[in-house]
Amino acid sequence: NFLQPFSAPIKTAMGAPYDSGDYEKALDIALKQAGYGDLRAEQARRREAGDPVQLGIGLSVYVEITAYGGGGEFGAVELRPDGTLFVRTGSSPYGQGHYTAWTMLVSERTGVPMDRIEIFHGDTDIVPSGGTTGASRSLQLAGSSVNDAALRLVEAARQRAADLLEANPDDIVLQDGKFSVTGTPAKAVSWEELAKGVGENPLEGLSEFNASQATFPFGAHVCVVEVDTELGVARILRHVCVDDAGTILNPLLVEGQVHGGIAQGAAQALYEEFRYDEDGNPLTGNFLDYMVVSAGDVPFFERVPMETPTPINPLGAKGIGESGTIGATPAVQNAVVDALSHLGIRHLDMPCAPQRIWEAMRQHGNV
């Protein structure tokens, strides 16, 4: 029931304007990485042998929506008298890596080294407007705005360099952080030289990028678990994920966000639960009663990159912040149920805690 691959927006039967996608490819990649056929063979072997530790393979595929709130985002890039660049953004980070990402964008567009670029946010005396940092909107909206502002600064600088070089602006090229006339790179003007006059005649690029619609990341997850049928304990062995967020700017930042998402998804599927007694009193009032996932409970995940650019913004980027959680939660739960399906168990409420697994087995006559 997958939509066939598409690179331009289409409308689903329910009216959602999906921007781009290749859903079957994501599942094929995940299954190949996991070695799906070998996993099923091992599962069959354990079932035939009556092994008390059963293997379960859980799948999930998803489409999510990011930057769905609409609106735009402010961005500005200014050349300072010392030749450094001052970037103002309306998007305020709290762990997403904006400083690194925006610095990378500006450095790539201007040729100015990353250590000579300052990112600033959060002060309305200097940043006139800013939207919400949420809904996985930052790179595709704020990043696109910073990218556009950097390009506008380069264009303004090209005009200034043309005056200094006594050349036509159309003949000015930017290479390795210096402006020169096409074909004569020996005669060039640096950003530092252009900066000498910015006190009286500022050089700045301003932007307020607005996207025409939301974007729709997608992906596929394969989770492999072992379930001890004597104790009811489920343990994750492997987790393979293909989370397609369009064009990736910084793979390390993506890895971090996906890793955290998978941990949260696994915690929801296996451990975390608010419980109350029949009078409504909370039974999980502290971290002795409320199970929190630890590093030892979650394996190193196996992420296979896949990029299907979106036409909705110039970076081709979609959101990645929630993808790990969306894909992991059902994959982990499905894996636990799959490990017990041959015993007649077709459903378990989350979290799949030991007492819940054991009780399901008892009800089906397996204990």
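Predicted model: local features only at pLDDT ≥ 70, side-chain atom pairs only at ≥ 80, totals over all residues.
Helix α6 (residues 251–270) and helix α7 (residues 323–340) cross at roughly 40 degrees, and their axes come within 7 Å. Residues are numbered from 1 along each chain as its sequence is written, and side-chain values use heavy atoms, with hydrogens and water left out.

- Helices here are DSSP runs of H or I with at least four residues, strands are runs of E with at least two, and both are numbered from the N terminus.
- Axes are lines fitted to C-alpha atoms, for helices over the stretch in contact, and angles run from 0 to 180 degrees between N-to-C directions.
- The crossing of α6 and α7 is right-handed; a crossing gets that name if the near helix is turned clockwise from the far one by less than a right angle, and left-handed if anticlockwise.
- On the α6 side, the contact (heavy atoms within 4.5 Å) is made by Val258, Gly261, Ile262, Gln264, Gly265, Ala266, Gln268, Ala269 and Leu270.
- On the α7 side, Gly324, Thr325, Ala328, Thr329, Val332, Gln333 and Val336 take part.
- Sorted by class, the residues of this α6 and α7 contact are 8 nonpolar, 8 polar and no charged.
- For these classes, Ala, Val, Leu, Ile, Met, Phe, Trp, Tyr, Cys and Pro count as nonpolar, Asp, Glu, Lys and Arg as charged, and the others, Gly among them, as polar.

**Pro330 in α7**

- Helix α7 also holds a proline, Pro330.
- Pro330 is partly exposed, with a relative accessible area of 30%; buried means under 20%, exposed over 50%, and partly exposed in between, using a 1.4 Å probe and protein chains only.
- Setting aside neighbours within four places in sequence, Pro330 is in contact with Leu59 and Ser60.
- From the C-alpha atom of Pro330 to that of Leu194 is 55 Å, and the two residues are 136 apart along the chain.

**Helices α3 and α4**

- Helix α3 (residues 98–110) packs with helix α4 (residues 138–165) at an angle of about 30 degrees, and their axes are 9 Å apart.
- That makes α3 roughly parallel to α4.
- The crossing of α3 and α4 is right-handed.
- From α3, the contact draws on His98, Trp102, Leu105, Val106, Arg109 and Thr110.
- From α4, the residues are Ser138, Leu139, Ala142, Gly143, Val146, Asn147, Ala150, Leu151 and Val154.
- By class, this contact of α3 with α4 has 9 nonpolar, 5 polar and 1 charged residues.
- Beyond neighbours within four places in sequence, Thr110 is in contact with Leu85, Ala150, Val154, Leu174, Gly177 and Trp191.

- Ala135 lies in the loop between β6 (117–120) and α4, and has a positive phi of about 55 degrees although it is not a glycine.
- Ser136 is placed in the loop between β6 and α4, with a positive phi near 50 degrees in a residue other than glycine.
- Ser136 is buried, at a relative accessible area of 16%.

**The loop between α7 and α8**

- A cis peptide bond joins Met350 and Pro351, with omega about -5 degrees.
- Pro351 is found in the loop between α7 and α8 (354–363).
- Ala353 has its place in the loop between α7 and α8 and is buried, with a relative accessible area of 10%.
- Leaving out neighbours within four places in sequence, Ala353 is in contact with Gly232 and Leu270.
- The C-alpha atoms of Ala353 and Leu315 are separated by 42 Å, with the residues 38 apart along the chain.

**Cysteines**

- A disulfide is a covalent bond between the sulfur atoms of two cysteines.
- With a disulfide taken as a pair of cysteine sulfur atoms within 2.5 Å, the count comes to 0.
- Cys223 is in no disulfide, and the nearest cysteine sulfur, that of Cys352, is 10 Å away, too far for a bond.
- Cys223 counts as buried at 0% relative accessibility, and Cys352 counts as buried at 2%.

Conventions
Parallel < 35°, antiparallel > 145°, perpendicular 65-115°, else oblique.
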